[in-house]
Amino acid sequence: MSTLESQPNSSAHALRIVIVGHVDHGKSTLVGRLLHDTGSLPDGKFEQIQAVCRRRGMPFEWAFLLDALQAERDQNITIDVSQIWFRSATRSYVIIDAPGHKEFLKNMVTGAANADAALLLIAANEGVQEQSKRHAYLLSMLGVSQVIVLINKMDLVDYSKSVYYRIEADYRDFLAKLGIQPLRFVPITARDGVNLIAPPNDVVKWYSGPTLLRALDELTPPAPEAEGPLRFAVQDVYRFDERRIVAGRIESGTIRVGDDIVFSPNNKTSRVASIERWNAPIKDSASAGESIGIILAEQIFVERGHIGSLETQTPIETNRFRARLFWMGTRPLSTGRRYKLKLLTQEIECQLVSVDRVIDATSLDTVSGLRLSVARNEVAEVTIQARSSLVMDNHDKVAASGRFVIVDDQNVAGGGIIFGGTYVNRGRIRSTNIFWSEGTIDHRIRVERNGHRGMVVWLTGLSGSGKSTLARALETNLFNRHMQVYVLDGDNIRHGLNSNLGFSAEDRVENIRRVAEVAKLMADSGLIVITSFISPYRLDRARAREVILSASVEFIEAYVAAPLQVCELRDPKKLYKRARAGEIKNFTGIDDPYEVPENPEITVHTDRESVKESVERLLDFLIPRLQLDVAEYEI
Amino acid sequence: MDFSYTHLDALENQSIYILREAYRKFKRLAMLWSVGKDSSVMLWLLRKAFFGHIPIPCVHVDTSYKIPEMIAFRDRLAKEWGINLIVGQNRAVLDRGETFPNGRITRVECCSFLKKDALQAIIEEKDYQAVIVGIRRDEEGTRAKERYFSPRDKNFEWNFKDQPPELWDQFKTDFDAGTHIRVHPLLHWTEVNVWEYIGRENIPVVDLYFSKDGMRYRSLGCAPCTKPVQSRARTVAEIIEELRDTKIAERSTRAQDQEAEDAFERLRASGYM
């Protein structure tokens, strides 16, 4: 059998390349031409395609080469060509997952996640298109940092320098937002072999850069991160003989005999007595990429899933974190469903807490408002809650421990990278369970543990406007997102704390003052407090705001608006009826004024919106404000 | 650093990681030992992964037509390295004489009975959940599509059109009861890599790989269906040199692959290695 897939006989590591780009921008043609020009085609294949094209009376089509390699297989079983090898003078290359696959995302992810470099193809006559951007976005998430951009079909724009540079500038801007710095832009015409292999010719006089193959030869195989913070992922603990060997891989950094290693999440520390290898040169250190074993000086409890680090550079340990994630599952990623999360050798049950943004990979804008799920092929920023503590890093700090996959019903259905996590300096930890060496627990630490900010949401509006209903609905919704939330209302305040207060003007002022003070304390402790009181006077609400802000807690005045007639018609507690009858004095709206908020943070109109709509609008407004700072991420 | 991280180190470390994952994930795990060069490398990597030990049984499917030197080599190594050797064989077919060398069936059918069915039988008898197999992506088109952890259904069939995504070394490790897993720790190696590693580590392989009277075996299988190639390569270094310039596919000397364009694909889809 003569196949393309069987020629990788070069000793050096074959550089793995993934080719991506918009449909019809010339991926297949590029591969076909590249194989031919590097002499990597099986004998007679070129002539065979030539004959086919002549028979059909059409010009030679390079893309047919790939089709032909597949079509010649028996019709019962069609195997896609998924690895194609070619060679330059200096090394060999393997193109992973050639174009045209039906399950594109799933295979691109598998291919690109294992690729050393990517070729991004853009047709000069069409410029940057949707998939040009979407694929680049995925590459950035998958950590493919070596990118060469090929501007193809230059013949269709008469090798116009201005067209080329305009596309380059456009795309460079977009890639910069993703943190991708392309190594090269190369103008090519894949069909004619221009700038692929042969040195730049007269066709593109204004271009003095390298050809594609030269640009490829400039790439360096990515080196393991030996310089980063030490992360030793424990795979297993072996006792095959008298030795107790903690086996695992150095994911980042370097471990040395004599180092004190903290194993997270249980934070036990021990010294490295020896580094174990079999039939290898003895060496008292091991660096990123090495699968080794270590023998510890102290007999501490260590098991699979533990991550070893140096005491000065411990990873993040949290059960709640934010991530950018792509979803490949047939079923959407949804709140309320349980998943398995795998991060290095850790496996923990987790849930989706919130979908914070669904990202349009082509504009990098947020796609839509509040969502409770992420659909197949979507990319989103999400908050995830794990059943117990996970050890991790921000992806931009340590890539290997900053990424994870999510398993839905046995299948790897999504992958994500972690951002915005806060590192806590754990100082020197001596085999205890004390997490912070300092005794003071400040607001920031509470917020970190909760995974959201404290806040006071002050609902104000007429009796019957819907405050209680909204407060309860909001509470339920936030609670289900694993947030700490509590409602203060007449029922739990008037009967206890304020049982000595009546409904006189003075007492009403005092009532609101106490509510504000209690809300302040609770929010300072990290809770989201929803207050549900008519609170009719502007001055009182302004004072409440002052009290809350004094604790550096955000105050959201939410005006629950409904016309008096509507509220009176609803009259859930028959209070309007009794007020009209004179049984209740000083009733807001009847014989006492309601001072409409002049500048509330948000207003909901319960006469025009359903409860669901009002709650969604409130959540839309609140969720981003509840989240922890992620200012370090631009996109 | 006084130590340079070579491509062989990268390959070795990745394979060790995969072997340890498999050993941890599957209580009933075995290695398929074909006695070829790739198997020798796998045994070596098992000893690397487990610090000198081979903690899992090694299954050899004996078709009874193997080249005799292979069996002698197998038994010697099993003894020297303390390997728990399990030999599987399709006795029924052999007793009935329904084999290709007897002229009763085709080569592909013969492979299917003596290798695939025998393997399936021993897996069922021993109730292995997973078997480590030394295939490589560069060997052949269908193998290029493989994953490190590759599920087979209860009939051992491989659904190559819908394969689990594999990224960041997170492998599919959750399965329905009855699913059988193939683990492929050498998937990312090439034929040359295998020889380079054999040379570097001084790993024992069957002598048949080295030139004798101008001929050597490049790929080992059953005597009736495996032919030596013309070669002067008598050392590992000479083999590597020879492979650099060859245009001939590694498995081209394996006759069963050549019966039809898709013979090997069909064998693999139905449970062949």
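**Exercise 1. Work out what share of the contacts in chain B with a separation of 6 or more comes from residues 24 or more positions apart.**

Step 1. Settle what a contact is: two residues are in contact if their C-beta atoms, placed from the backbone, lie within 7 Å.

Step 2. Take the contacts in chain B with a separation of 6 or more; residues 24 or more positions apart account for 76% of them.

Step 3. List the elements: chain B has eight helices and eight strands. Helices (H or I, at least four residues) and strands (E, at least two) are DSSP runs, numbered from the N terminus.

A note before you go on: this is a predicted model, in which local features need pLDDT of at least 70 and side-chain atom pairs count only at pLDDT 80 or more, while totals for chains, interfaces and linings use all residues. Residues are numbered from 1 along each chain as its sequence is written, and chains are lettered from A and ligands numbered from 1 in the order in which they are written.

**Exercise 2. Describe the side of domain 1 of chain B that touches domain 2 of chain B.**

Step 1. Find the bounds, which come from an automatic or database domain assignment: domain 1 of chain B covers 7–190 + 261–269, and domain 2 covers 192–256.

Step 2. Count the residues in the contact: 27 come from domain 1 of chain B and 24 from domain 2 of chain B.

Step 3. Look for the elements that give two or more residues to the domain 1 side: they are α1, α2 (37–49), α3 (68–81) and α5 (107–126) of chain B. The largest share, five residues, comes from α2(B).

Step 4. Sort that side by residue type, and you get 16 nonpolar, four polar and seven charged residues. Here Ala, Val, Leu, Ile, Met, Phe, Trp, Tyr, Cys and Pro count as nonpolar, Asp, Glu, Lys and Arg as charged, and the others, Gly among them, as polar.

**Exercise 3. Trace the barrel in chain A, then examine β13(A).**

Step 1. Follow the strands around: six of them close into a barrel in the order β7-β8-β13-β11-β10-β14, with antiparallel pairing. Two strands pair if DSSP finds at least two bridges between them.

Step 2. Axes are lines fitted to C-alpha atoms, for helices over the stretch in contact, and angles run from 0 to 180 degrees between N-to-C directions.

Step 3. See what packs on the sheet. Helix α1 (residues 7–25) of chain B touches β7 (231–238), β8 (245–252) and β13 of chain A, and its direction makes about 50 degrees with that of β7(A).

Step 4. Now take the partners of β13(A) (residues 291–296). It pairs with β11(A) (residues 268–276) over four antiparallel bridges, where Val272(A) has Leu296(A) as its bridge partner. β8(A) and β13(A) are also antiparallel, over four bridges, and Gly248(A) stands opposite Ile292(A).

Step 5. Five of the six residues of β13(A) are buried, so the strand is largely enclosed by the rest of the structure.

**Exercise 4. Is β1(A) largely enclosed or left open by the rest of the structure, and which strands does it pair with?**

Step 1. Seven of the seven residues of β1(A) (residues 15–21) are buried, so this strand is largely enclosed.

Step 2. Identify the partners. Three bridges join β1(A) to β3(A) (residues 92–96) in parallel, with Arg16(A) opposite Val94(A). Five bridges link β1(A) to β4(A) (residues 117–123), also in the parallel sense, and there Val18(A) stands opposite Ala118(A).

How values were computed. A residue is buried if 20 or more other C-beta atoms lie within 10 Å of its own, exposed if 12 or fewer, and partly exposed in between; C-beta atoms are placed from the backbone.
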